[in-house]
Amino acid sequence: MAIHTNESAENYLETILFLSRSLPVVRSVDIANELGFKKSSVSVAMKNLREKNHITVTDAGFIYLTESGKEIAETISERHEFLTKWLVSLGVDEEQAADDACRMEHVISAESFAAIKKNIILD
């Protein structure tokens, strides 16, 4: 799958997915708190994601991923988890591994990520 979003959009989508696993509903304020951003910045980002049909927002302000948004978020999340585990298995400190994985997950091609996954076995 080719992802046609920028790193910021991918981070927002991944955060919505992450929050939706632990909260009954996700709101802009939840995203702002999680990422440490101003609510106004999150509102602008949500407008952009809504225009790209990656999220829907109810009248009550509840944010839901659309199919495309969920697909992107799950792809980024999978990359993040895998790359973090891989770096930790190489002896990188867990916090550093997570930080590095967060940057790598956005720039690695689908082809390269598939090759790494195929050739590295993690428990």
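1. Lys47 counts as partly exposed, at 43% relative accessibility. The burial classes use relative accessible area: buried is under 20%, exposed is over 50%, and partly exposed lies in between (1.4 Å probe, protein chains only). This is a predicted model, so local features need pLDDT of at least 70 and side-chain atom pairs count only at pLDDT 80 or more, while totals for chains, interfaces and linings use all residues. Residues are numbered from 1 along each chain as its sequence is written, and side-chain values use heavy atoms, with hydrogens and water left out.

2. Lys47 has a salt-bridge partner in Glu51; their closest N and O atoms are 2.8 Å apart. A salt bridge here is a side-chain nitrogen of Lys or Arg within 4 Å of a carboxyl oxygen of Asp or Glu. Both residues sit in helix H3 (residues 39-51), four residues apart, or about one turn of the helix. Helices (H or I, at least four residues) and strands (E, at least two) are DSSP runs, numbered from the N terminus. Glu51 is exposed, at 52% relative accessible area.

3. How many salt bridges does a search of the whole structure find? The search returns five. One of them joins Lys70 to Glu74, with the closest N and O atoms 4.0 Å apart.

4. Arg103 and Asp100 form another salt bridge, with 2.6 Å between the closest N and O atoms. These two are three residues apart in helix H5 (residues 94-107), again about one helical turn. Arg103 is partly exposed at 48%. An α-helix has 3.6 residues a turn, so residues three or four places apart point the same way.

5. The largest nonpolar core holds 18 residues, and those with the most contacts inside it are Tyr12, Ile16, Ile31, Met46, Leu49 and Ile55. H1, H2 (28-35), H3 and H4 each supply at least two of its residues. H1 gives the most, with six. A nonpolar core is a set of buried Ala, Val, Leu, Ile, Met, Phe, Trp, Tyr and Cys residues joined through side-chain atoms within 4.5 Å.

6. Which residues does Leu49 contact, leaving aside its neighbours within four places in sequence? The list is Ala9, Tyr12, Leu13, Ile16, His54 and Ile55. Contact means heavy atoms within 4.5 Å. A second, separate core has six residues, including Phe82, Leu83, Ile108 and Ile116.

7. The buried residues of H2 are Ser28, Asp30, Ile31 and Ala32. They pack against H1, H3 and strand E2 (63-65). Just after H2, Gly36 takes a positive phi of about 75°.

8. Asn53 deserves a look. Its phi is positive, about 60°, although Asn53 is not a glycine. Asn53 lies in the loop between H3 and strand E1 (55-57). Asn53 is exposed, at 54% relative accessibility.

9. The largest pocket has a volume of about 420 Å³. Of its 16 lining residues, the closest to its centre are Glu14, Thr15, Phe18, His80 and Cys102. On a 1 Å grid over the protein atoms alone, a pocket is an open set of points where a 1.4 Å probe fits, with protein on both sides within 12 Å along at least five of seven lines; lining residues have an atom within 4 Å of a point. Volume is the space filled by probe spheres set on the points, which are joined across faces, edges and corners.

10. H1 provides the largest share of this lining, seven residues. H1, H2 and H4 each supply at least two. By type, the lining divides into six nonpolar, six polar and four charged residues. Here Ala, Val, Leu, Ile, Met, Phe, Trp, Tyr, Cys and Pro count as nonpolar, Asp, Glu, Lys and Arg as charged, and the others, Gly among them, as polar.

11. Not counting residues up to four places away in sequence, Thr15 touches Ile31, Glu34 and Leu35. Ser20, also in H1 (residues 7-20), is partly exposed at 38%. Ser20 and Ile63 are 43 residues apart in sequence and 9.1 Å apart in space, C-alpha to C-alpha.
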